[in-house]
Amino acid sequence: MRSWIPLAAVLGFLSVAFGAFAAHGLSDPKAQEWIRTGAEYGFVHVLATLACVPLVQAGAARARFAPPLFLAGVVIFSGTLAAMALGGPRWLGAITPIGGTLFLAGWGVLAWAARQLKL
């Protein structure tokens with residue numbers, strides 16, 4: 001889990017930076033929307049990654065499998081949206097759903113992990 005926390009922090013930083021850039025540095029509404037969506041989803045999944053730490057410590061050891069899915073999802077989902085917003089090729093939009101699928105897999109793993117908790 002320790003190795004995922006610094007990456008989550010970097011991606012959290014980038015989510016805030018890209019969100020601010022969308023609000024103040026872009027004039028194209030579509031590009032703003034892509035950046036804003038990527039920043040929002042990225043930040044939510046950074047927080048989900050950080051939330052996995054106490055879950056693992058509480059006995060849901062399987063929760064350690066969710067952070068790599070969440071963070072890979074951020075890189076792919078948010079990264080492709082940002083790339084398109086900054087002028088990258090539109091075919092990157094075909095890759096974006098892979099990131100969304102990784103988000104879904106991470107949440108599924110988290111649900112599976114929660115079954116280990118003894119509340």
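**Notebook: an aromatic cluster and its surroundings**

I looked up the aromatic rings and found Tyr-41, Phe-77 and Phe-103 linked by ring pairs into a cluster. Rings of Phe, Tyr and Trp (its six-membered ring) pair if their centres lie within 6.5 Å; planes under 30 degrees apart count as stacked, over 60 as edge-to-face and the rest as tilted.

I noted the origin of the model: it is predicted, local features need pLDDT of at least 70, side-chain atom pairs count only at pLDDT 80 or more, and totals for chains, interfaces and linings use all residues. Residues are numbered from 1 along each chain as its sequence is written, and side-chain values use heavy atoms, with hydrogens and water left out.

**Overall layout**

I found four helices and zero strands in the protein chain. Helices (H or I, at least four residues) and strands (E, at least two) are DSSP runs, numbered from the N terminus. I read the box filled by the C-alpha atoms as roughly 50 × 25 × 20 Å along the principal axes. Of the 119 residues in the chain, 37% are buried. Buried means under 20% relative accessible area, exposed over 50%, and partly exposed in between (1.4 Å probe, protein chains only).

**One ring pair**

I counted five aromatic pairs in the structure. Why is the pair of Tyr-41 and Phe-77 called tilted? The ring centres are 5.0 Å apart and the planes of Tyr-41 and Phe-77 stand at 40°, so the pair is tilted. This pair joins distant parts of the chain, with Tyr-41 in helix H2 (residues 29-57) and Phe-77 in helix H3 (residues 66-85), 36 residues apart. I checked the cover of both: Tyr-41 is partly exposed at a relative accessible area of 38%, while Phe-77 is buried at 12%.

**Thr-49**

I located Thr-49 in helix H2. Is Thr-49 buried or exposed? Thr-49 counts as buried, at 1% relative accessibility. A polar atom of the Thr-49 side chain lies 2.9 Å from the backbone oxygen of His-45.

**Largest pocket**

I looked up the largest pocket and found a volume of about 180 Å³. A pocket is an open set of points on a 1 Å grid where a 1.4 Å probe fits, with protein on both sides within 12 Å along at least five of seven lines; lining residues have an atom within 4 Å of a point. The volume is the space filled by probe spheres set on the points. The largest pocket has 13 lining residues, and Leu-14, Phe-18, Val-74, Ser-78 and Gly-79 lie nearest its centre. Helix H1 (4-24), H2 and H3 each give two or more residues to this lining. H3 supplies the largest share, five residues.

How values were computed
Polar contact = N/O pair within 3.5 Å; in protein donor to acceptor, adjacent residues only side chain to side chain.
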